[in-house]
Amino acid sequence: FAIKEGEVFGLLGPNGAGKSTTISMLTCLFPPTSGSAQVDSLDVVRDADKVKKIIGVVPQDLALYPTLSARQNLAFFGEMFGLSGKALQRRVDDVLDYVAMRERANDPVKTFSGGMKRRINLAVGLINNPRILFLDEPTVGVDPQSRNHIFESVERLNRERGMAILYTTHYMEEAERLCHRIGIVDHGKLIALDTPKSLIAMLG
């Protein structure tokens, strides 16, 4: 499959279908056993260092330091991408606004609800202003309010910044709301690919 610039592309399938494995390969965490993949014309094996600079990743598991505040977590990850000084401060404030967490920015992450942690996890994935954002089941186990905040953040990123987004989920209603096109994957194979409307019409 190919994801177009400015597209929200959904990978839909049951647990164990291969969605997270696909993201792991596309984000250079481990190499494909066969075939090839490119991100912005860069090979994920040969050009892994360059790929990592232009992608944002929001994994299923929280990648946060619980004793640090939301702002400190974001500053830490921003520094890993080479940001510093006022540019880093502006970027941290920007992503906090995107996930509606500015009011809790200075509180330790360990005091947050599961949904708030998910929103900060999303903010970390945005800190380097990526060309493409990988979201791996970002709403698993979150409360309805935070789930809605995540949806709104994805829609706003796509609408205002034209950011390409790969969104994995096993909830059809999420994919239907957010995605321009959906690939259905099962047992590691892509078994259908179309717009949500066309897929629903085909499946009944």
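Analyst: Buried means under 20% relative accessible area, exposed means over 50%, and partly exposed is in between. Note that this is a predicted model.

User: Is Phe-76 buried, partly exposed or exposed?
Analyst: The relative accessibility of Phe-76 is 34%.

User: Are the rings of Tyr-65 and Phe-77 stacked or edge-to-face?
Analyst: Their centres are 6.4 Å apart. Planes under 30 degrees apart count as stacked. The planes here are at 25°, so the pair is stacked.

User: What does the pair of Tyr-65 and Phe-77 tie together?
Analyst: Tyr-65 lies in the loop between strand S4 (55-58) and helix H3 (70-80). Phe-77 lies in helix H3. The pair therefore ties together parts that are 12 residues apart in sequence.

User: And are the rings of Phe-76 and Phe-77 stacked or edge-to-face?
Analyst: Their centres are 5.2 Å apart. Planes over 60 degrees apart count as edge-to-face. These planes are at 75°, so the pair is edge-to-face.

User: Which residues do ring pairs link into a cluster?
Analyst: Tyr-65 pairs with Phe-77. Phe-77 also pairs with Phe-76. The cluster linked by ring pairs is Tyr-65, Phe-76 and Phe-77.

User: Is Phe-77 buried or exposed?
Analyst: Tyr-65, its stacked partner, is partly exposed at 43%. Phe-77 has a relative accessibility of 15%. The cut-off is under 20%, so Phe-77 counts as buried.

User: Which ring does Arg-156 lie over, and which does Arg-147?
Analyst: A charge sits over a ring if CZ of Arg is within 6 Å of the ring centre and within 35 degrees of the ring normal. Arg-156 lies over the face of Tyr-98, at 4.0 Å from the ring centre. Arg-147, at 5.6 Å from the ring centre, lies over the face of Tyr-171.

User: Which element gives the most to the lining of the largest pocket?
Analyst: This pocket has a volume of about 800 Å³ and is lined by 31 residues. Helix H1 (19-26), strand S2 (38-39), strand S5 (132-136) and strand S8 (189-194) each give two or more residues to that lining. With 4 residues, the element that gives the most is H1.

User: How does the lining of the largest pocket divide by class?
Analyst: Phe-1, Leu-26, Ala-37, Gln-38 and Val-39 lie nearest the pocket centre. Taken by class, the lining has 16 nonpolar, 10 polar and 5 charged residues.

User: Which residues are closest to the centre of the second largest pocket?
Analyst: The second largest pocket has a volume of about 580 Å³. It has 21 lining residues. The closest to its centre are Leu-29, Gly-56, Val-57, Phe-77 and Phe-81.

User: Which element gives the most to the lining of the largest cavity?
Analyst: The largest cavity has a volume of about 40 Å³. Val-58, Arg-118, Asn-121, Leu-122, Leu-135, Pro-138 and Ile-150 line the cavity. By class, they divide into 5 nonpolar, 1 polar and 1 charged. Giving 3 residues, the top contributor is H5.

User: In the hairpin of S7 and S8, which turn residue has a positive phi?
Analyst: S7 (residues 181-186) and S8 run antiparallel and are joined by 5 bridges. Val-185 has Leu-190 as its bridge partner in S8. The hairpin has 2 residues between its strands, and the turn residue with a positive phi, about 50°, is His-187.

User: Is Cys-28 buried or exposed, and what is its phi?
Analyst: Most residues other than glycine have a negative phi. Cys-28 is in the loop between H1 and S2. With 13% relative accessibility, Cys-28 counts as buried. Its phi is positive, near 70°.

User: Where is Asn-129 found?
Analyst: Asn-129 is not a glycine, yet has a positive phi of about 50°. At 44% relative accessibility, Asn-129 counts as partly exposed. Its place is the loop between H5 and S5.

Conventions. Residues numbered from 1 in each chain as written. Predicted model: local features only at pLDDT ≥ 70, side-chain atom pairs only at ≥ 80, totals over all residues. Heavy atoms only, no water. Phe/Tyr/Trp six-rings, centres within 6.5 Å; stacked < 30°, edge-to-face > 60°. Buried < 20%, exposed > 50% of the residue type's maximum accessible area, 1.4 Å probe, protein only. 1 Å grid on protein atoms, 1.4 Å probe; cavity = no way out; pocket = protein on both sides within 12 Å on 5 of 7 lines; lining within 4 Å. Points joined across faces, edges and corners; volume = space filled by probe spheres on them. Nonpolar A, V, L, I, M, F, W, Y, C, P; charged D, E, K, R; others polar. Pairing = 2+ DSSP bridges.
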